[in-house]
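Please work through the exercises below with the sequence and the structure in view, trying each task before reading its solution.

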Amino acid sequence: MSVINTNIQAIAAARNLNASQEMLGRSLSRLSSGSKIVNPSDDAAGLAVSEKLDAQGRRVKAAITNVQNAVSYVQTADGFMSGMTKILSRMSELAILAKDVTKNSTDIDLYSQEFTALQDQLRATIGGTSADIGGTADIDAPLGAFNGIALFGSTATGLTVTIGQAVGQEMTIGDSNLRTGDMLEIIDQDGSGAYSLSLTDTDAIEAITDAIQHVATERASLGASQSRLELAATTLQIEFENLGSAISRIRDVDVAEESTQFAKYNILVQSGTAMLAQANQTPRSVLQLLQQ
């Protein structure tokens, strides 16, 4: 059929060209952005899923930070207690040296001065109120602290750490309370500020030995908590990697595949443009009929 007013071939060619240009534009946007989802309409369901996964990944990352900080907390507490063990060992050594019958009173006094200085260090590290550790003054800012949190006091529930991204994924680091029992006997002061335990007391060695055991028990408990925290950190890292991989499959463009599509649509646009130009020449054949 030869008509002038309606060029069906040109209309079809223009429609195909527009479609090819749209797909070429999409492919170009994906390659330039690196994302398969440039507009929500590209993959509405995939966008929703990836947003939820991304939020979950952020929570996992925050949990990793929490766990790593908790590990630092435990390591700090263990470091202080390691120092306490050395102090207590030296105190036990002084207690034995003080029993040397060849030492005169001046020698014993020198040992006592060091013994008391070590007690001062333990007391300053552990801290607490006078009701907790005796004496005439509170130690509100003990040396044994992490970010303002006293390491060696007593709390009602211990330290609760979030170890996962979901509600209820928590663990508790128990108290390392050194303001009681064997350690308290070492650092306790009477109402005048003098230490209740002195170097020459008959039970000094026993009290120090029991305090060493107390500290060792607390360190073992912290070691167990640290092992669990490190395992949790490893698990969270793996979860974060897997979430990243899942998000990537939804959002990230496969450059090799998309480059192939880009080349395809580029050719279609060029050929469509050429065919549209050809289709626009068709009415001229009708003009030839009229000229005969």
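**Exercise 1.** Decide whether phenylalanine 152 is buried or exposed, and find which ring it pairs with.

*Solution.* Phenylalanine 152 has a relative accessible area of 0% and is therefore buried, where buried means under 20% relative accessible area, exposed over 50% and partly exposed in between, with a 1.4 Å probe and protein chains only. This is a predicted model, in which local features need pLDDT of at least 70 and side-chain atom pairs count only at pLDDT 80 or more, while totals for chains, interfaces and linings use all residues. Residues are numbered from 1 along each chain as its sequence is written, and side-chain values use heavy atoms, with hydrogens and water left out.

The next step is the partner: the ring centres of phenylalanine 80 and phenylalanine 152 lie 6.3 Å apart and their planes stand at 85°, so the pair is edge-to-face. Rings of Phe, Tyr and Trp (its six-membered ring) pair if their centres lie within 6.5 Å, and planes under 30 degrees apart count as stacked, over 60 as edge-to-face and the rest as tilted. Because phenylalanine 80 belongs to helix α2 and phenylalanine 152 to the loop between β2 (149–150) and β3 (159–162), the pair ties together parts that are 72 residues apart in sequence. Phenylalanine 80 itself is partly exposed, at 26% relative accessibility.

**Exercise 2.** Find how many aromatic pairs the whole structure holds, and describe the one that includes tyrosine 73.

*Solution.* A search of the whole structure gives two aromatic pairs. In the one with tyrosine 73, the partner is phenylalanine 146, and the ring centres are 5.9 Å apart with planes at 90°, so this pair is edge-to-face. Tyrosine 73 sits in helix α2 and phenylalanine 146 in strand β1 (residues 145–146), so parts that are 73 residues apart in sequence are tied together. Tyrosine 73 is buried at 10% relative accessibility, whereas phenylalanine 146, at 23%, is partly exposed.

Terms used: Helices (H or I, at least four residues) and strands (E, at least two) are DSSP runs, numbered from the N terminus.
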